[in-house]
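Dear colleague,

Please find below the structure that I am handing over to you, together with its sequence.

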Amino acid sequence: MRRVLLIIIFILTAAFVRAQYVPNSGQAFQFSSMFNPAFSGVDEVTTIRLGYGYRWAGFAGAPKSINLSYNTRIIKPLDLSTNSIRLSNLSAVKIPKSKQIAVGLGINVFQTTYGPVETVGGSINLAMHYPLSKKVKFAAGLTMLVENTKFDLSKITFRNDESNTDYYKSLVANGSSKANLNLRGGFLLYTPRFYIGVSYFPLFETSIQNASIDESNPRVYSGSVQAGYSIVFSPDFTVKPSISGLLITNGGVNLDYNVKAYIQKSSWVGISYRDIKAAVISVGFNISYLFSASYAYERSFGKFHTFNDGSHELVLSLRLNNFKKQAPYTW
């Protein structure tokens, strides 16, 4: 009994230590602002994305996650085509860089459950986008994230009424939730053809509510990196290779290597290889300039693959106020 409870404590402690939520997604590019706040406001239009993930299908107590993100520009750069009298040659008009600055706002809400553990939280992002040249832009962003992690031992059944032991009762009585607040920062350099970004989290962290479980373990993640490029072969075919990674506090890094092929800007197919010995196949459809849907299937190559049937993720996206019928940036 004691050994079982020690395993439970280890799992729950690992969950509490995370306290710095990042989505475990096979389509990380869909939720870029949750990894790096500088992505908020990159697109000129307002985007809303809803993602549902079901990991380790067929495994009892398999993790499930919901991610909802909202990104918009609260300050937009001056656009002479819509904000001035008509001119015969707009390209000849020089706009001061101070009038070309954009400020993005991002709001993210998430929930994950795995067995008796549930994490619920949200974040607010602010990012400023400054033009270095006509095409090259630099963005700096900040995130405030709050999350609460709790566990419910009532979801665990023990035989022979072992739950009446003093050890179990003590565990139940000593609190069952933990809430954290932290700040993250990020930078992004981008054009319509490429991007490179880095973020650090947390810049600041504090506990709002403490759990009684031992919290001596260090944080897991220290930051993230992103880079991608768009290769246009023709107006109807574009390939977008990219790489993303989570920096580990022990000096390591978990990398995802991705490539997506876009066909007539109406559909895409992608494949990713993850350092954690897993591969992801994804497909997406831009049903219109307003709505798109995508699906990803992840399969592990490690020993754990014998215990589950892979992971599934569905993402639905809305692009509001897309009057110019623009496609997303490289990501």
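**Buried serines and their partners**

The side chains of serine 25 and glutamate 313 make a polar contact of 2.8 Å; a polar contact is a pair of N or O atoms within 3.5 Å, where within protein one must be able to donate a hydrogen and the other to accept it, and where residues adjacent in sequence count only if both atoms are side-chain atoms. Please note that this is a predicted model, in which local features need pLDDT of at least 70 and side-chain atom pairs count only at pLDDT 80 or more, while totals for chains, interfaces and linings use all residues. Residues are numbered from 1 along each chain as its sequence is written, and side-chain values use heavy atoms, with hydrogens and water left out.

Serine 25 is placed in the loop between α1 (2–18) and α2; helices (H or I, at least four residues) and strands (E, at least two) are DSSP runs, numbered from the N terminus. With a relative accessible area of 2%, serine 25 is buried. Buried means under 20% relative accessible area, exposed over 50%, and partly exposed in between (1.4 Å probe, protein chains only). Leaving aside residues up to four places away in sequence, serine 25 touches Phe31, Arg274 and Glu313, where contact means heavy atoms within 4.5 Å.

Serine 294, in strand β14 (residues 291–300), also has a polar partner: its side chain is joined to that of glutamine 30 by a polar contact of 3.0 Å. Serine 294 counts as buried at 4% relative accessibility. Among the residues that serine 294 touches, not counting those up to four places away in sequence, are Gln27, Trp268, Val283 and Glu313.

**Aromatic rings**

The whole structure contains 6 aromatic pairs. Rings of Phe, Tyr and Trp (its six-membered ring) pair if their centres lie within 6.5 Å; planes under 30 degrees apart count as stacked, over 60 as edge-to-face and the rest as tilted. One of the pairs is formed by phenylalanine 39 and tyrosine 195, whose ring centres are 5.9 Å apart and whose planes stand at 75°, so this pair is edge-to-face. Phenylalanine 39 belongs to the loop between α2 (32–35) and β1 (46–54) and tyrosine 195 to strand β7 (residues 194–209), so the pair ties together parts 156 residues apart in sequence. Phenylalanine 39 is buried at a relative accessible area of 7%, and tyrosine 195 is buried at 8%.

Phenylalanine 138 and phenylalanine 187 form a stacked pair, 6.0 Å centre to centre with 20° between the planes. Because phenylalanine 138 lies in strand β5 (residues 137–151) and phenylalanine 187 in strand β6 (residues 177–190), the pair ties together parts that are 49 residues apart in sequence. Phenylalanine 138 is partly exposed at 33%, and phenylalanine 187 is partly exposed at 47%.

Ring pairs also link Phe29, Tyr262 and Trp268 into a cluster. The charged end of lysine 260 sits over the ring of phenylalanine 29, 4.1 Å from its centre; the criterion is NZ of Lys or CZ of Arg within 6 Å of the ring centre and within 35 degrees of the ring normal. The charged end of arginine 184 sits over the ring of phenylalanine 201, 4.4 Å from its centre.

**Strands and backbone**

The protein chain has 4 helices and 15 strands. β1 pairs with strand β2 (residues 64–75) in the antiparallel sense over 8 bridges; two strands pair if DSSP finds at least two bridges between them. Leucine 50 stands opposite leucine 68 in β2. Strand β3 (residues 102–114) runs antiparallel to β2 and is joined to β2 by 11 bridges.

Most residues other than glycine have a negative phi, and most peptide bonds are trans. Phenylalanine 201 and proline 202 are joined by a cis peptide bond, with omega about -5°. Lysine 277 has a positive phi, near 65°, and is exposed at 51% relative accessibility.

**Confidence**

The mean pLDDT of the protein chain is 82, and 75% of its residues reach 70 or more; pLDDT is the predictor's confidence in each residue, from 0 to 100. Over residues 15–19, pLDDT stays under 50. Where pLDDT is low, the predicted coordinates should not be read in detail.

With kind regards
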